Amino acid sequence: MPLLLGTETEYGIAAPGRPDLDAHALSALVVEACGVPATPVVEDSRHRVLGNGARFYVDHGHPEYCTPETTSATDLLVHELAGDRIVAEAAARVSAELGTPVRVYKNNTDGKGNSYGYHENVLLRRSTPWEAVEGTLPTILVTRAVLGGAGRVGLGQGSERPGFQLSQRADFFERVSGLDTTQRRGIVNTRDEPHALPRDWRRLHVIAGDATRSPFATWLAVGVLGLCLGALEDGALPRARLADPVGAFRTVSRDLTFTAALDLAGGGTATVLDVQEGLRDAAAAWAEGEPFAEASELLDAWTGVLDDLRADPTRVADRLDWAAKLALLGGYREREGLGWDHPKLAQVDLAWAELGERGIAERLQAAGRLAPGPAAADVERAMTTPPADTRAHTRGVWVRDHVDHVVAAGWDSLLVRDSGRALHTLRMPDPFRHTAAGAPTEGGVDRLVRSHDRREP
Amino acid sequence: MSERIQRQRTPSVEREQEAPLVVKQAQVDDLDALLDEIDTVLESDAEGYVKGFVQKGGQ
C-alpha cells in the first residue's frame, strides 16, 4: 500500500508587548494575516484552506497548520517547512501592524505545565487489526524519542526539577491508550476519523511525537514511523514490547546514556537502542519485499544515528534537535558556569523553537553545524503548490485558482459553484485519486467540475 | 573518483596523528563564536523572556 503522511503543528504564540491580547485573539490575527492564496476568513470562522492543499486555523488558542496529504517523508518535510514559513511570515505581518513583536514557536510545552501537540497522521488499511497497532505502537513511539525528541530543559510537567531530557512531550502522557488529546493523554490516540472511505482506511493520529526544527530529524522521525507501520501492517515487526510504556517514556526521555534497562512484556529487559535496532532490522527486512518511498535513505540514516548513539551520542548533534540543543546548552554551561536551573538555559531551549529571523536552527545550518534541509526554492514552491500525487492537488487548485467558486472545502470533499452558479459536491473519498495526473489544465471551473468524477486515477 | 578520495583522506590522517588537540581547540573556538552569535539574538532579560511564555490550552 502506498504511504500517505500529513502533520498538524500547533505553534506556541506570544506578544509580550500586548498582554491585553489573549492567545486566541493573537492566533486569529496570525491566521487572518496569511499571505498565500487561501479561502477567506468568514464571520467567526478562522478555518482556512490554502492553495497548497493545507489547512490553517485557530485551535485551542494556537495557530495550527495541517500539511496537505503527501506520499513520502521528503514531501512531508517540504510541506511542513512551507507551513513554518507561512506561519512565521503571517506573524511578522501582524508584528508590523501592531508595532510590537508577535512570536511563534515550534515546540510542545511552555515549561510551566502546559503542552500542545505535533500530530502525525499515517493512513492504515482498515483491515489491519487494531489490537496489533495498540500493542506495538507504544514501543515504537517511546523508543523513537531518541531520534525525534526536540530536547527540553526541565523535568516534570511544570519543570519542577532542573535537568535536561530528550522529549518535550514524554511527561504529558498518562496512559497507554485513550481518546483525549488535551488531558489524560494516551500514547496511542484512538481517534478514528479517516477523512476517507471508512470501509477501506483508518487514519492513525499519532500525538506522542515532538515538533522539530532540524529538517533531518523531522524527516527521519516521520519516515521511521511510516516504515514501522508498514511492517506492522504486514505482521513483520518483532514481538518485543515494553511492559510499561508510560513509565518507559519518562525513563527513555531522561536517559542520556541510552543504557537504561527497560522491562519487556513477558519478562527480560532491553535498552532503548536494542529496541530501536530490532525495529530497524525488521523494517529493513520488510522493505526488501515492499515498495516504500525513500526506504534505503531512511534505513541508512536511521542506522547512522543508532550506530553513533552506541559509539558517542555527541556525534548526532549535527542531525537531531535534542543533541544540537544539548551541545549549545553544554557550551553555555561550561563557559558561564550555569546550573540547569539558570534561566538562560530555559531561554535557549525556548529560543531554539522560535521561528523567524532570530531562528537558532538556521544559524546552526549556516555555520555547518546542523544538516541542511531541502532547497529553499522547493519550500517556497510548496507554499503555493499542492502535492501532485494526492487529492490535495484538487483541493489546492480549486482554492488557489478558483477561490471565488469554492463554497466549502474539507479533506474529502469540496462544495463548488460552476460558472452558472449551480452547486456541485466534489467527493474525494480516496486520498490517492484526484491527483494532477490527467487533470484538465484549462477550460475553467466547468471543465474541472465535469472531469471530477470521470478521471482516473 | 578513487583518486579524489585518496587525496582527501591523506591529509586528515596526518592531521590526526600530528595535532589532535589543535583540531579540538578549533572546534571549541568555533562553538564559542556561535554562542557569541546566538547571544546577540537572545534577549538580555532571560527570566522575563521565559516567564512571559505561557500557553494555556492545547492538544
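Chain A is divided by the domain assignment into domain 1 (1–105), domain 2 (107–354) and domain 3 (388–452), with bounds that come from an automatic or database domain assignment. The model is predicted, and local features need pLDDT of at least 70, side-chain atom pairs count only at pLDDT 80 or more, while totals for chains, interfaces and linings use all residues. Residues are numbered from 1 along each chain as its sequence is written, and chains are lettered from A and ligands numbered from 1 in the order in which they are written.

Taken over C-alpha atoms, the centres of domain 1 and domain 3 of chain A are 23 Å apart. Each of the two supplies 14 residues to their contact, where contact requires that the C-beta atoms of two residues, placed from the backbone, lie within 7 Å.

Three strands form an open sheet in the order β15-β16-β17 of chain A, with antiparallel pairing; strands are DSSP runs of E of at least two residues and helices runs of H or I of at least four, numbered from the N terminus, and two strands pair if DSSP finds at least two bridges between them. Because β15 (406–409) and β17 (423–427) of chain A each have a single partner strand, they stand at the edges, and one side of each is left without a neighbour in the sheet. From one strand to the next the twist averages 15°, with axes being lines fitted to C-alpha atoms, for helices over the stretch in contact, and angles running from 0 to 180 degrees between N-to-C directions.

Three bridges join β15(A) to β16 (residues 413–417) of chain A in the antiparallel sense, and A:A408 has A:L415 in β16(A) as its bridge partner. Helix α13 (residues 392–402) of chain A packs on the sheet, touching β15 and β16 of chain A, and its direction makes about 145° with that of β15(A).
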